[in-house]
Amino acid sequence: MRIRDLRIFIVGNPPPGWGGRYFIFVKLTTDDNVSGIGEVYCDTFGPKAMTAMIEDVFARHVEGMDPFHIEALWRKVYGTGYTLRPDASLMAVLSGIEIALWDIKGKALGKPVYELLGGRVHESLRSYTYIYPDIARGQDDSIYWNAEASAERAAHYVQQGFTAVKFDPAAPYSVFDPRQPSLATLELCGKFCRLIREAVGAKADLLFGTHGQFTASGAIRLARRLEPYEPLWFEEPTPPEMPEEMAKVARATSIPVATGERLVTKYEFARVLETGAASILQMALGRVGGIMEAKKITAMAETRYAQIAPHLYAGPVEGAANIHFAASLPNFLILESIENWGGFHARILKKPIRWEAGRVLLPTEPGLGIELDEEVALAHPYTGTKLHLEMTERPID
């Protein structure tokens, strides 16, 4: 069995666009017509550049390879061009390809991917969602900074079965961060936690999201406002490049610190663990280096009693990879869902991911257990010029 063909789908994510502006899917096919699907999660370049990168890596390293030889492929791509260091764009390309190879391996062996990762540990997976606006009721993005509306929406999610909700009222985030939070930001974040805690009581955990906006001292000031409401985590309180600074926050607050969506490879996560910067790791499988690299990071985390909460702000292929990965983990904490996997995340798959009463149900089909609906993918091309996610390009006072 050898890899014969590559196909790339750049799919525009229609409104409301939860999960990003577009998704990058890769489809690999073997010489005996076994196909696997993967997802590249990258914000650093636009789709045209990413397409060229994927094609280049495929031609250099993937075409003609045995799909079972993932370890050798990983080292070849990681060291390509005299690098041997974490590179977010290169690792995103490798991640999408690697996920597709696992899909092929599972199909070839007739087993779900989680059975190839040490076997299933969990029967189903506890999941959480961001608090998103109720489009049917005319709500818009202003809910993200409206504590009253967010609290009402949180109660709705709890009624659906969710036992955790995430919110991020400390935005915006800027290329000029980190900064000190303003007094208005401190007040608003405290208000969010207070009202949401009142709305959900002890039925749900509060997951407080930030995106590296603050200095260590600023994050510590913010954490003190949040502590009375017992959040399950304080996410990425400082930028990801200096875990030594994040460790100052972790030592100064009783709230567990979570991080990882912008980190790639075991080497960057090793610094997080060694410095004590976080006790909850949130790798994005479409960026970190793939499923096997994530499993290696998980093993390191076990030795530090750190837990795993896979990140998802992407499409359902990365979501499916997260499910198989999480199902095999002894130190799994919780899985990120985008609501209950409905909307476009369901439409672009021939069979949607199954969610019930706050938990994701494991697939039993071989491979990732999903199939991309290529007609839907081709009917929604991304024609814009913006990146998947973008930051404010001015300093925030």
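The model is predicted, so local features need pLDDT of at least 70 and side-chain atom pairs count only at pLDDT 80 or more, while totals for chains, interfaces and linings use all residues. Residues are numbered from 1 along each chain as its sequence is written, and side-chain values use heavy atoms, with hydrogens and water left out.

User: How many helices and strands does the protein have?
Analyst: Helices (H or I, at least four residues) and strands (E, at least two) are DSSP runs, numbered from the N terminus. Going by that, the protein has twelve helices and 13 strands.

User: What is the radius of gyration of the protein?
Analyst: This one is taken over C-alpha atoms, and the globule rule is 2.2 Å times the number of residues to the power 0.38. For 397 residues, a compact globule would come out near 21 Å. The protein agrees with that, at 20 Å.

User: What share of the residues in the protein is buried?
Analyst: Buried means under 20% relative accessible area, exposed over 50%, and partly exposed in between (1.4 Å probe, protein chains only). Out of the 397 residues, the buried ones make up 59%.

User: Which side chains of helix H8 are buried?
Analyst: Helix H8 covers residues 265-275. Its buried residues are Thr265, Lys266, Phe269, Ala270, Val272 and Leu273.

User: Which strands do the buried residues of H8 pack against?
Analyst: Contact means heavy atoms within 4.5 Å. Their partners include helices H2 (70-78), H3 (88-109), H7 (243-252) and H9 (291-303). The strands on that list are S8 (257-259) and S9 (280-281).

User: Is Asn322 buried or exposed?
Analyst: Asn322 is found in helix H10 (residues 316-327). Leaving aside neighbours within four places in sequence, Asn322 is in contact with Leu285, Pro310, His311, Leu312 and Leu335. Since its relative accessibility is 0%, Asn322 counts as buried.

User: How many Å apart in space are Ile8 and Leu389?
Analyst: Ile8 belongs to strand S1 (residues 3-12). In sequence, Ile8 and Leu389 are 381 residues apart. In space, C-alpha to C-alpha, the two are apart by 20 Å.
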